[in-house]
Amino acid sequence: MNEKLEKIKKNMLILDMSLDDAPYFGATKDFVNGARFAMNKILEGTGLTLEELAKERGSILKQGEGSNA
């Protein structure tokens with residue numbers, strides 16, 4: 001179960017980081033804001049936020065290095 005949670009955290013973080021580049025590829029600000037709103041809704045009630053995941057970025061991204069996790 002813990003492995004699945006870490007995978008979800010990593011995927012949410014990577015998606016959030018990719019949204020930073022989205023405007024350079026034609027995504028509108030409204031699209032980016034809408035995607036982040038949806039991601040925060042998914043995290044609602046879990047005790048996690050995108051901001052917390054960003055603060056833990058180094059440790060989250062290091063987990064699973066060297067594997068296809």
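Helices (H or I, at least four residues) and strands (E, at least two) are DSSP runs, numbered from the N terminus; under this definition, D16 belongs to helix α1. The model is predicted, so that local features need pLDDT of at least 70 and side-chain atom pairs count only at pLDDT 80 or more, while totals for chains, interfaces and linings use all residues. Residues are numbered from 1 along each chain as its sequence is written, and side-chain values use heavy atoms, with hydrogens and water left out.

**Exercise 1. Describe the overall architecture of the protein.**

Step 1. The secondary structure consists of 4 helices and 0 strands, and the order from the N terminus is α-α-α-α.

Step 2. The C-alpha trace spans about 35 × 30 × 20 Å along its principal axes.

Step 3. Buried means under 20% relative accessible area, exposed over 50%, and partly exposed in between (1.4 Å probe, protein chains only). On this scale, 23% of the 69 residues count as buried.

Step 4. Contact means heavy atoms within 4.5 Å. Of the contacts between residues at least 6 apart in sequence, 60% join residues at least 24 apart.

**Exercise 2. Determine how α1 and α2 are arranged and which residues join them.**

Step 1. Axes are lines fitted to C-alpha atoms, for helices over the stretch in contact, and angles run from 0 to 180 degrees between N-to-C directions. The axes of α1 (residues 2–21) and α2 (residues 29–43) come within 10 Å and cross at roughly 165 degrees. Helix α1 is therefore roughly antiparallel to α2, given that angles under 35 degrees count as roughly parallel, over 145 as roughly antiparallel, 65 to 115 as roughly perpendicular and the rest as oblique.

Step 2. The crossing of α1 past α2 is left-handed, a term that applies if the near helix is turned anticlockwise from the far one by less than a right angle (right-handed if clockwise).

Step 3. From α1, the residues M12, L15, D16, L19 and D20 meet F31, V32, A35, R36, M39, I42 and L43 of α2. The residues of this contact divide into 9 nonpolar, no polar and 3 charged. Here Ala, Val, Leu, Ile, Met, Phe, Trp, Tyr, Cys and Pro count as nonpolar, Asp, Glu, Lys and Arg as charged, and the others, Gly among them, as polar.

**Exercise 3. Identify the largest nonpolar core and the elements that supply it.**

Step 1. A nonpolar core is a set of buried Ala, Val, Leu, Ile, Met, Phe, Trp, Tyr and Cys residues joined through side-chain atoms within 4.5 Å. The largest has 12 residues: M12, L13, L19, A22, V32, A35, M39, L43, L48, L50, L53 and I60.

Step 2. Two or more residues come from each of α1, α2 and α3 (50–55), and α2 gives the most, with 4 residues.

Step 3. L43, a member of this core, is in contact with M12, L48, T49, L50 and L53 when neighbours within four places in sequence are left aside.
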